[in-house]
Structure formats: C-alpha cells, structure tokens
Amino acid sequence: MDLHAPVQYVKGIGPQKAEALGRIGVRSAEDLLLHLPMRYEDRRSFARVADLRPGLRVSVSGEIAAAGLRRARRLTIYEVRLDDGSGRLKVVFFNQPYLRETLARGRRVVFYGLVEKDAFASRLLVMRSPQYELVEGDGHGGIHTGRLVPVYEKLGPLTVKPLRRVLAHLAEQVPTDLPDPLPPDLRGRLTVIGRGEALRRVHLPGEGDALDLLNRFRSPAHVRLILEELLLFQIGLALRRRGVRAERKRSAFEVRDAAREAVKRILPFPLTGAQRRVLREIADDLRSVHPMNRLVQGDVGSGKTLVALLAMVVVLENAHQAAFMAPTEILAEQHFLTFRRLLERCPYRVELLSSAVRGRERADALARIASGEAQIVIGTHALIQEGVAFHRLGLAVADEQHRFGVLQREDLRKKGYDADVLVMTATPIPRTLALTAYGDLDVSIVDEKPPGRTPIRTLLRPASDRRQVLDLVKRSVADGRQAYVVYPLVEESEKLEDVKAATEASAEWTVALPGVRVGLLHGRMKSAEKEETMAAFAGGGIQVLVCTTVVEVGVDVSNATLMVIEHAERFGLAQLHQLRGRVGRGSASSTCVLLAYGRLSDLARARLDVMVATEDGFAIAEKDLEIRGPGDFFGTRQWGMPTFRVAHLVRDRDLLEVARAEAFRLVGEGALPPPLAHFLDAGGWERRFGLARVG
Ligand code: ADP
Ligand code: MG
C-alpha cells in the first residue's frame with residue numbers, strides 16, 4: 001500500500017469522490033488517513049434488552065422480529081422490533097422509508113443509540129434513529145458496531161458511515177513497517193510507537209486502547225502522530241533560527257552619544273523598567289554582528305511604539321534607514337502622525353508610503369527612499385512585498401506581528417534587505433502560539449505599564465439600558481471628563497455602511513447630549529481631517545468622540561475616562577481588549593461599557609464575560625484561544641500560521657513543549673538523523689504546514 005497513491009485508488013473512493021476530496025485538500029491515501037476520528041464510542045459489549053433503562057447509550061444485538069412502515073402527517077415512520085432473546089425493543093426511524101429493504105424482518109442487526117421512554121406508552125422503551133449495522137452471528141467483527149468505534153466528522157462527500165468503512169479498510173492495509181521519519185532511538189527517547197502502527201491504531205483501536213485515552217487524543221497512536229507533526233514543525237523553526245544566527249550583518253551598529261542625545265530629546269517621560277530592559281536587549285542585537293530577529297510582546301499601552309522608535313533612532317544615527325510596517329493603511333497613517341509629533345525636535349525625515357500616495361508624489365517618495373533622504377519609512381507590509389528600494393535599510397520593524405509570519409520575515413532577507421528585524425505585537429499571545437508562530441525568534445516582553453494607570457471598571461449592559469449609559473456619559477462630561485463611543489466595523493478597510501452607521505450615530509448622540517461637543521472620527525476621513533479631530537479631542541475641544549475602531553491606536557487622551565462600545569457582541573476579544581486600552585491612561589478611574597444588542601450567542605457571551613472578568617492581556621489571550629481555537633486566533637493561515645493536521649495548539653500544549661525541547665536539542669547537536677534530514681531537505685516543510693506567502 002503506497003500512502004502517496006492518489007486518493008482515487010483507495011477502496012470505496014472513485015474518481016468523482018476523489019475530485020471532491022481534492023478540492024478540500026485531500027489528495028492522497030495518507031491525507032485521508034490523517035483525517036482522525038473526532039471521538040470514539042465503546043460498542044464492544046451488547047446490553048440485554050431486558051436490562052435496558054432510559055438514558056443509557058448502548059449497543060444491542062439481535063434479530064428483527066417485526067417491522068412496519070406508516071405515515072403520520074408529513075412523516076414516514078419505520079418501526080421495528082429487535083429481539084435478542086431477553087426481550088423486544090422498539091426502534092423507530094423517521095423519513096427513511098428505504099430502510100424497509102435493509103432492516104427487513106429476519107435480519108440480524110446491531111443497534112447503537114440512546115434508550116428513551118416511549119412518548120405514547122411511558123412503560124415502553126424506544127431507540128430513535130440509532131446507528132445500525134447488519135451483522136452475521138453474534139454481532140462482533142463489525143465496522144460500525146461491536147468494537148471501539150471511531151466517529152468521524154464528515155469529510156467532503158463522505159458522510160460518517162461510508163467514511164468509517166473506507167478508513168477501516170485503508171487502515172488495515174497500512175504496513176506496520178511503514179517508513180518512519182523518526183528513527184528508532186528517537187522514538188525510544190520519546191517513547192512513541194512507529195508511524196505505521198499509529199496510523200492503523202488510530203482508526204482501528206484494539207484491545208490495548210483505553211476509550212478514555214482515545215477520546216482525549218492521548219492514546220499511543222495519537223501521541224505518536226501529534227508529536228511527529230509538532231516535532232517536524234519545530235525542527236523547521238530551529239533550523240531557520242540557527243541559519244539566521246549564523247549569518248553576519250553588513251555592519252554592526254554602535255550606540256553613540258549622538259543617539260543618546262537624540263533619545264533624550266524625544267523622550268517625553270522616563271522609560272519604565274520593562275521598556276529599558278527591552279531596549280537594552282534590542283540594543284545588544286543592534287550591536288551584534290549577527291542579524292536581529294526579535295519579537296517584542298507587550299500588552300496594549302505598555303509602550304512598545306516608543307521602544308521601537310528609540311531603536312530606529314540608533315540606526316539612523318548610524319547612517320542607516322529604518323522601516324516601520326503596520327498591518328493596515330489606517331494604522332500606518334496613525335503611526336506616521338505619532339512619529340512626526342515625537343520627532344518634532346529632531347532633524348529626521350519621516351516618509352509615509354501608503355497606497356494613497358500615488359503618481360508623481362509616490363515617485364518622489366520612492367526616490368527619497370532610494371537616495372536615503374527619507375530616513376524612517378512608514379507603510380504596510382507592501383513595503384517588502386513590492387521590494388521598495390532602500391538606500392541602506394538597517395532596521396525593519398513590523399508592528400502587530402501576528403499578521404506577519406515566518407515566511408514574510410524570510411522575504412525581507414530574500415529581497416536583499418539584510419536588515420535587523422524587530423517584530424512587535426500588542427496582542428499578547430499564549431505561549432503555545434508564540435512557540436509556533438514565532439518559534440524562530442528571540443522574544444522580549446514589555447510586562448509593565450507606564451506608571452499611574454488605574455484599573456478600568458468594565459460593565460456589560462443590554463441595549464435596553466442605553467438611557468442609563470447616556471446618563472453615565474452626561475455625568476462624565478459634567479465632571480470635565482471625555483468619552484469615546486465606538487462603533488464596530490466589519491473589515492479593516494472601513495466600509496461605507498460602517499461609516500454611515502457611525503455618522504448617523506454621531507448625529508444621534510449630538511441630539512441626545514445637548515450642549516455637549518460631539519465629534520466624529522472614522523477611517524474614511526482625510527488624513528488632515530483626522531489629525532484635526534484627534535487634536536481637538538486631545539485638547540478637550542471635543543468632549544465625546546464617536547468613532548469606528550480607528551481609535552484602536554494613535555489616539556491617546558488621558559482625560560478620556562469612559563468608553564462605550566456599541567454592539568460589543570460583534571467584536572473579537574483581542575479587539576475589545578485593544579479598544580478598552582484607550583481608556584485608563586490617566587490616574588482617574590475609568591469605565592468601559594460593553595453595550596450588547598439582541599440575544600447573545602454562547603460565544604459572544606463567553607467573550608464579553610472574559611472582558612468583564614479581567615484586564616490582563618495574557619489571560620484574555622489564553623481565553624480567546626480557548627474560545628476560538630488556534631485556527632481563528634490568527635485569522636486565515638496566510639498570515640503565517642501553520643496548518644496542523646492532527647495537532648491542536650490548545651489541546652496539545654504539553655506535547656508542544658516536548659516537541660520544542662527535542663527539536664532544539666536535535667538541531668543543536670548538529671546533523672539531523674537521516675530520515676528527518678531527508679524530510680526537511682525535500683522542501684516538504686513549507687508545503688506540509690501550508691505556509692503561504694501573503695499576496
Ligand atoms: P503600545 O504600542 O505598547 O500599545 P504605546 O507605545 O502606544 O503602547 O504607548 C501607550 C501610551 O503610553 C502612549 O501614549 C505613550 O506615549 C505612553 N507611554 C509610553 N511609555 C511611557 C512611559 N514610560 N511613561 C509614561 N507614558 C508612556
Ligand atoms: Mg502599538
């Protein structure tokens with residue numbers, strides 16, 4: 001059996017099904033085998049009909065003693081009596097008249113399902129639409145019954161039962177001595193079974209497999225497959241990291257007095273201890289002869305931007321350029337404004353290269369970048385993708401790193417930039433994801449907030465409480481404070497409808513708050529207009545700012561102590577956390593009101609409860625990961641998260657740690673064992689983990 005054979009040749013799959021499977025990425029027999037059961041059911045032993053009680057989920061085996069089809073209003077009901085010698089059980093199926101042929105009188109059959117009280121005669125028991133399988137003899141040796149039965153999620157055109165049949169056949173053919181990328185001594189150290197055995201047992205668990213372990217994905221077969229996947233991924237990361245560390249930069253930077261002077265001029269306040277520590281770590285990298293490849297992680301408002309700016313200044317003072325890349329145009333613009341303000345008293349030239357900069361203007365900007373006249377260049381990731389030519393790029397900073405994966409970082413070097421790389425994320429990332437998405441990086445953590453911040457009180461209110469919320473806003477304004485009212489937006493490029501909603505809302509708020517100065521801010525406004533509005537809010541001219549999520553970054557007004565988030569149920573946790581971080585910036589106590597509309601889904605409810613419960617970004621991130629699952633945490637996979645087939649980053653944290661340690665040990669030792677080296681040499685790494693480049 002060749003596991004790389006096209007799925008079409010697997011028994012039970014024809015050309016048509018193969019095509020449909022191909023469309024969802026299942027192309028080979030192996031792809032199919034890696035579709036693991038979502039759970040297992042113990043259908044090994046049969047209950048006696050005479051012993052059944054309501055609420056039991058059991059297998060029963062016997063003969064169909066009577067059968068009949070009838071109609072009741074729009075339903076067809078097929079009803080049979082199963083006789084196992086101890087008694088008779090009523091079993092009904094709805095709208096499956098064809099079962100008359102399959103489950104005919106005299107057939108031997110196994111049913112698996114829930115025993116319930118009959119609706120009509122409460123002393124009678126019934127099974128409704130159970131799983132069934134025709135059998136011979138006593139019912140053992142079946143595929144769907146009489147054993148530890150895997151239950152699969154539907155896969156393309158294959159529903160549960162056909163899938164189980166196909167996989168049972170396929171798994172039986174997997175040779176136990178299948179080639180294994182993990183050599184025997186490594187298997188021994190990790191105490192895992194061979195690949196062939198694992199692929200068989202995961203679909204055909206045997207007597208040695210405990211139901212409980214199977215269902216927790218911790219059976220020997222599961223552990224083997226999960227560890228293999230995580231290990232291969234981590235080895236790829238470890239190799240990359242070793243590669244970068246072995247490189248030499250064009251020039252190591254020096255931290256000179258001029259840079260120190262410039263930094264002093266820029267700094268509006270003393271750095272926090274965490275900022276100083278992280279800046280020192282960065283400075284050490286800048287001075288090193290090896291390229292920097294560092295991630296700065298820190299909660300909203302921990303002051304990462306400032307740290308990045310100071311690092312850029314060091315590079316400028318070494319006659320090199322710095323690039324600052326934001327994930328969206330709006331954010332790029334915001335940073336441009338912030339930097340220009342902070343650098344007012346410095347002679348550096350800051351250039352914004354957004355898509356709004358076009359034609360002649362763009363050509364001029366590009367020329368300034370190429371000549372080195374533009375010293376700090378701010379833009380989106382398009383900066384690297386388009387291969388903008390720099391005179392001498394010394395440092396590339398990527399803000400909001402979760403949108404900037406392993407391969408994007410590599411792109412930087414491939415474009416010949418040969419620069420130090422600093423990536424920052426304001427979204428605290430759970431350790432498992434950090435080890436995966438940024439496993440090839442050095443990590444610095446800004447784990448301290450600037451002084452004088454007070455905790456934020458967070459309230460969850462239904463829309464029907466809007467009146468009280470309005471009073472809250474009024475009182476806050478009467479106290480001389482300011483407030484944000486945030487409206488959701490669907491995409492990061494603000495859609496017209498969102499802008500319209502925000503515009504109308506600002507009109508409503510203006511009416512509802514007579515005598516209060518209400519302003520409006522959204523991403524579709526011109527840069528100058530935005531700047532003006534932000535300045536007015538910062539200066540107190542605007543008391544209530546109705547805005548879209550533009551306010552996530554860039555706006556920093558410590559007198560704003562109230563934030564009302566409209567339709568809070570539509571926001572993700574990370575975004576809510578980011579937004580809330582805009583208040584609580586001064587010493588006065590702040591409030592964030594989450595206004596929720598309509599009946600909340602369980603997920604929305606869970607998210608909002610987390611917001612009320614904690615302000616700790618890392619705790620929120622862990623919860624977010626649990627609620628959303630790793631796939632959604634980072635959005636689509638093209639942002640640089642690998643796709644795992646069997647591993648699950650929440651469930652498999654423990655195995656990830658094992659894999660990580662082992663991978664870095666192996667790579668640290670030098671030459672990899674042949675089967676592993678072969679796998680990685682063949683360029684399988686990127687393909688296997690579905691890592692794609694943006695664009
Ligand atoms: P982040 O990017 O980590 O979310 P920012 O760099 O935007 O945070 O900083 C948040 C706010 O805190 C900004 O207004 C910034 O000016 C301010 N800030 C940064 N560092 C300090 C500090 N050491 N002391 C006081 N305020 C600071
Ligand atoms: Mg920031």
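**Figure 1. Pairing of G298 with V446 at strand β15.** G298 stands opposite V446 in β15. Strand β9 (residues 293-298) is joined to β15 by five bridges, and the two strands run parallel. Strands here are DSSP runs of E with at least two residues, helices are runs of H or I with at least four residues, and both are numbered from the N terminus. Two strands pair if DSSP finds at least two bridges between them. Strand β15 (residues 442-446) has D442, S444 and V446 on a covered face, while V443 and I445 lie on an uncovered one. This is a predicted model, in which local features need pLDDT of at least 70, side-chain atom pairs count only at pLDDT 80 or more, and totals for chains, interfaces and linings use all residues. Residues are numbered from 1 along each chain as its sequence is written, chains are lettered from A and ligands numbered from 1 in the order in which they are written, and side-chain values use heavy atoms, with hydrogens and water left out.

**Figure 2. The open sheet of seven strands.** The order is β11-β12-β10-β13-β14-β9-β15, and the pairing is parallel. β11 (350-353) and β15 stand at the edges with a single partner strand each, so one side of each has no neighbour in the sheet. From one strand to the next the twist averages 20°. Within this view, strand β10 (residues 321-326) pairs with strand β13 (residues 393-398) in the parallel sense over five bridges. L395 in β13 is the bridge partner of A322.

**Figure 3. Contact of helices α10 and α11.** The axes of α10 (residues 273-287) and α11 (residues 304-316) come within 10 Å and cross at roughly 30°. Axes are lines fitted to C-alpha atoms, for helices over the stretch in contact, and angles run from 0 to 180 degrees between N-to-C directions. The two helices are therefore roughly parallel to each other (angles under 35 degrees). Q275, V278, L279, I282 and L286 in α10 meet L306, V307, L310, A311, V314 and V315 in α11, where contact means heavy atoms within 4.5 Å. The residues of this contact are ten nonpolar, one polar and no charged. Ala, Val, Leu, Ile, Met, Phe, Trp, Tyr, Cys and Pro count as nonpolar, Asp, Glu, Lys and Arg as charged, and the others, Gly among them, as polar.

Figure 4. The strands follow the order β16-β21-β20-β17-β19-β18 with parallel pairing. β16 (456-462) and β18 (518-521) are the edge strands, each pairing on one side only. The twist averages 20° from one strand to the next. Strands β17 (residues 482-486) and β19 (residues 544-547) pair in the parallel sense over four bridges, and V546 in β19 is the bridge partner of V485. Helix α20 (residues 573-580) packs on the sheet and touches β16, β17, β20 (560-565) and β21 (590-596), its direction making about 155° with that of β20. Helix α21 (residues 602-613) also packs on the sheet, touching β16 and β21, and its direction makes about 150° with that of β16.

Figure 5. Seven of the nine residues of α6 (residues 195-203) are buried, so the helix is largely enclosed by the rest of the structure. Buried means under 20% relative accessible area, with a 1.4 Å probe and protein chains only. The buried residues are R195, G196, A198, L199, R201, V202 and H203. Of the 695 residues of the protein chain, 55% count as buried.

Terms used:
Angles under 35 degrees count as roughly parallel, over 145 as roughly antiparallel, 65 to 115 as roughly perpendicular and the rest as oblique. Buried means under 20% relative accessible area, exposed over 50%, partly exposed in between (1.4 Å probe, protein chains only).
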